[in-house]
Amino acid sequence: MKTERSRMSRMSVSANSAFLMVLAAFLIVFPFFVSDYWIDVCVFWGINVLLGLSLNIIVGEVGLFNMGHTAFYAVGAYTAAILSQRFGINMWVLMLLSGVAAAIAGNVLTAPIMHLRGDYLLMVTVGLNEIIRITLINNPFGLTGGPNGLIVLDQFRVFGRVIQSPIDFYVLVWGCVALLLFALFRLQRSRIGRAWNYVREDAVAAESTGINTRWAKSLAFMIGAGIAGATGTIYATKMMVISPDSFTFAASVSLFAIVILGGTGSIPGVILASGAMMVLPELMRDFAQYRMLFFGLAMVLMMIFRPQGLWPSTRWSTRVKGGDAE
Amino acid sequence: MSGSRSARLLVSLALLALLSMAQFARAAEPIRIGLQAPITGPWAYEGEMARNSVQIVADEINKAGGLLGRPVEIVLGDDQGQPQQSALVAQRMISEKVVAVVGTYGSSVNDPAAAIYERNKLVNIAYGSTAESLTTHGRKYFFRTCFRDDRQGEFFANFAADTLKAKRIAIIHDNTTFGKGLAEAARRPILAQGKAEVVFYDAITPGERDFTAILGRMGRTNPDVVYFTGYYSEAGLIIRQMRTLGIKAPFVGGNAAVNDEFIKIAGIDIAKGALMTQEPLPTDLDYPESKAFVAEYVRRHGEAPSSPWPVYAADAFKVICAAIEATKSTNSDVLMNYLHNNLKDYPGITGPISFDAVGDREGAIYLAYEVFGEGDFRPRR
Amino acid sequence: MVFFLSQMVNGLTVGAVYALIALGYTMVYGVMRLINFAHGDFFMMGSYLGYTVLVTFLAAVGLPLWLVLLIATAIATLGVALLGVFVERVAYRPLRRSGRLAAVVSALGVSQFLQNAAMLIWGARFQAYPPWAAPDAAWNIGGVSVSLMQLLIIGISLMLMVGLYLFVQRTTAGTAIRATAIDHDTARLMGINVNSVITLIFIIGPALGGIAGVLLGLYYRQIHFTVGWSYGLKAFTAAILGGIGNIPGAMVGGLLLGILEMLGAGYISAAWKDVMVFGILILLLIFRPTGILGERVAEKV
């Protein structure tokens with residue numbers, strides 16, 4: 001059993017690295033053959049990958065149902081926008097600050113609700129998402145600009161070059177993805193990563209082996225929220241304008257769907273699924289008003305034919321599966 | 001037998017298609033103009049009407065021989081009424097090398113796209129985005145054929161104080177960029193003039209149906225007039241629920257409330273007498289262009305466009321074509337300069353069009369409309 | 001006091017609609033542990049079907065109004081129930097063994113599909129129920145205005161909820177539902193056809209949603225293809241508030257949510273209303289982690 005498992009995980013490691021190599025090759029060659037528009041599609045794909053990976057830590061690694069992830073993304077984006085407008089802080093510093101702000105929000109907001117089980121946690125995170133969005137609309141203390149949102153004029157700079165064109169953002173976003181992937185693979189192999197998986201598989205048993213499950217869950221929320229917040233900074237400079245319309249419940253739902261479509265807990269899965277969610281509707285533009293109809297159908301079909309996700313994770317055991325009861 | 005017949009039919013169809021393609025290839029390269037609109041999503045209806053309207057103008061131009069001897073072609077971009085989609089559509093328009101863009105409908109959706117068009121120096125003319133903030137960023141390539149919220153807000157302030165003699169005004173908005181913008185734009189001049197006071201100011205949530213609670217609270221402030229700055233769907237519910245609660249103050253809607261559905265939802269007995277601040281509707285315009293346009297729209301789609309916005313889209317398209325024709329150029333800077341400096345009182349469907357230095361349309365005309373017993377909107381006499 | 005009573009009447013009306021929809025969420029959840037995100041769209045379809053029947057088929061046939069409304073409601077309810085059964089067969093049944101989350105995504109896909117289908121069938125604009133269909137009568141009782149439609153909505157909802165409760169508690173089919181809710185495999189061993197139970201659930205839940213849809217259309221007269229999404233979220237909140245999987249819980253949650261909303265908007269601020277509602281939900285769950293009445297589904301530790 002033990003050898004079986006380790007062989008499986010070795011196989012998955014090699015499959016993962018093969019996937020990443022193909023992806024890297026594709027991403028390097030791709031921009032030479034397409035228009036700026038498709039590069040831009042890939043920029044948003046990359047942003048969704050960052051968000052999907054950050055949510056995957058919470059949903060996939062620890063098994064906490066978080067359907068309000070854009071709340072943290074919003075905290076990050078607004079922190080960056082407000083600070084850059086008022087104090088003109090360097091964007092890289094801001095990225096760090098908004099990551100920290102979102103991580104703090106992730107910790108403070110979820111601390112009282114960490115003990116809730118699955119679907120209750122899901123509803124509460126949905127509630128948090130709505131609370132944050134409505135607060136942004138209501139423009140408390142004139143900070144958030146209300147429904148108009150905020151203008152972001154500052155941009156990232158790399159060695160004096162202003163990150164502005166689609167290809168600049170493409171490099172920036174996918175560079176961040178590469179860094180995050182490296183960190184995540186390290187994290188999965190670390191003590192924390194293993195603790196997370198124990199908590200997911202059996203919280204009671206994990207507690208009895210000396211893991212502080214509450215701490216493990218909080219940490220996942222903090223790291224996940226922090227990455228989403230830092231991504232918010234990139235989003236803010238990319239869009240140049242942010243408004244509450246970008247941080248809706250529907251956006252959280254589609255992030256959640258990305259993680260599950262990909263295969264819960266699977267990193268290549270998140271990359272593939274966010275690609276599919278981004279690129280499919282673009283390819284369907286010719287269907288005009290029919291395109292979202294087909295997109296809905298495609299989601300159902302994908303789940304029916306690949307219920308474990310596009311790229312199932314071998315590290316996600318069968319315990320949480322089985323539809324009848326928990 | 002029948003199989004071979006259909007095969008022959010197919011072959012001849014294919015030949016025909018090839019021939020027409022060859023024909024097409026020989027014709028001049030078309031001039032491509034973008035239309036960014038919400039074709040799906042909650043505002044799909046507005047997007048559809050804008051598309052219909054722009055198509056009418058494009059067909060007319062092509063029938064008359066096109067622009068500079070080339071046909072015009074519409075490049076459609078569906079932004080779903082979402083900011084991120086809007087940014088993507090903008091980038092696609094740039095990659096598709098369109099000459100200029102018409103669009104889009106919602107103000108907060110428009111902002112990211114306008115920022116991208118500006119950076120890429122592409123003329124873009126909004127048709128439904130009326131938020132003041134859009135023309136306060138010093139963008140050179142942004143224009144709009146619709147009017148700004150503050151002009152309408154000012155009109156309401158004067159109308160309420162001078163015509164309706166209101167002393168106590170209640171304002172309700174819907175927390176959208178547009179609705180809140182108009183509400184603020186109305187509140188500011190009321191406070192500044194000091195002829196009346198704003199006794200109630202709060203927001204509803206769009207998509208909900210029951211506003212009795214907020215209306216009940218408003219009723220206790222005894223307003224002389226109620227101004228609702230959101231959309232017709234909620235406006236119809238609000239006036240009906242107001243009357244059910246026994247609030248008799250006159251109801252005034254903003255220009256997003258003008259729609260036949262308003263009367264249907266409220267019911268004619270209740271809607272009768274409701275007032276709206278509004279640009280002249282296409283059907284009330286006396287210009288020959290408007291009459292011809294509305295007639296053509298009715299011929300094609302069986303009814304006149306039910307909101308003013310699609311006609312502004314048609315006008316935006318016309319203005320772009322006029323600029324191309326006049327300058328004999330498709331260069332963005334040439335077009336931008338022409339629109340800012342040389343286009344004066346162009347005869348649009350919605351009246352004469354000129355743009356000021358920031359790209360806003362000059363000479364806003366607002367009227368107070370009233371709902372009459374026959375179930376139609378007419379300018380108040 | 002008059003103001004407070006008016007808000008209570010309005011809150012009960014809204015809450016009754018939430019409760020009817022919440023029942024559909026809660027029953028499906030109780031039996032399948034599935035958050036059926038498409039449920040709000042069943043409700044929306046009910047609204048539209050009722051509208052079509054009223055406008056196209058019954059407008060010209062001079063039947064008495066109550067009969068017209070009854071027929072329209074019946075057809076809409078039946079249509080939505082069929083749709084529910086069909087959706088379960090096609091989109092959920094193949095996934096029953098493959099994990100709860102897969103079915104959730106499938107439900108999201110169904111929701112997207114139904115919304116866009118409704119947009120294509122009935123158009124993207126708002127549709128209005130014909131004014132002759134909705135009874136207009138209203139009374140003023142000591143300053144509190146109460147309309148016939150409000151009484152109808154509250155009355156019909158309460159009747160349906162009590163009926164459903166008795167059905168689940170007292171009948172053989174109800175016992176089968178309860179047994180299946182506890183454990184599919186044991187239920188199967190006891191000779192219960194789990195598939196039929198699930199089909200039954202997908203008849204009852206959407207049917208209730210369909211009735212709610214028609215009532216909503218008659219009361220507010222205004223329907224749109226996005227209505228399922230906003231009402232679905234509120235109804236789901238109501239189900240969680242009461243304790244998901246728990247039928248009386250859905251009723252209590254729905255009514256409570258309606259009243260909370262109306263009091264919040266009536267006394268404090270409409271713009272901050274939803275913040276208060278979700279804030280109360282979170283506070284409540286902190287102290288009662290399984291809702292007001294708790295979960296009825298058996299726990300396996």
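Modeller: A residue is called buried if 20 or more other C-beta atoms lie within 10 Å of its own. Please note that the model is predicted.

Biologist: Which residues of helix 8 of chain B are buried?

Modeller: They are B:Tyr232, B:Ser233, B:Glu234, B:Ala235, B:Gly236, B:Leu237, B:Ile238, B:Ile239, B:Arg240, B:Gln241 and B:Met242. Each therefore meets the cut-off of 20 or more other C-beta atoms within 10 Å.

Biologist: What makes helix 8 of chain B mostly covered?

Modeller: Of its 13 residues, 11 are buried.

Biologist: How do you know that the span of helix 8 of chain B agrees with its number of residues?

Modeller: The expected span is 1.5 Å times one less than the number of residues. For the 13 residues 232-244 this should give 18 Å, and the end C-alpha atoms are 18 Å apart, so the two agree. Just after this helix, B:Gly246 has a positive phi of about 85°.

Biologist: Why are two domains named in chain B?

Modeller: Because domain bounds come from an automatic or database domain assignment, which here gives domain 1 (31-147 + 285-353) and domain 2 (150-278). Their C-alpha centres lie 30 Å apart. The contact between them takes 10 residues from domain 1 and 11 residues from domain 2.

Biologist: How many residues of chain A are in contact with chain C?

Modeller: There are 38, facing 45 residues of chain C; two residues count as in contact if their C-beta atoms lie within 7 Å. Helix 5 of chain A supplies the largest share of the chain A side, 10 residues.

Technical notes: Residues numbered from 1 in each chain as written. Chains lettered and ligands numbered in written order. Predicted model: local features only at pLDDT ≥ 70, side-chain atom pairs only at ≥ 80, totals over all residues. Helix = DSSP H or I, 4+ residues; strand = E, 2+ residues; numbered from the N terminus. Buried ≥ 20, exposed ≤ 12 C-beta atoms within 10 Å, placed from the backbone.
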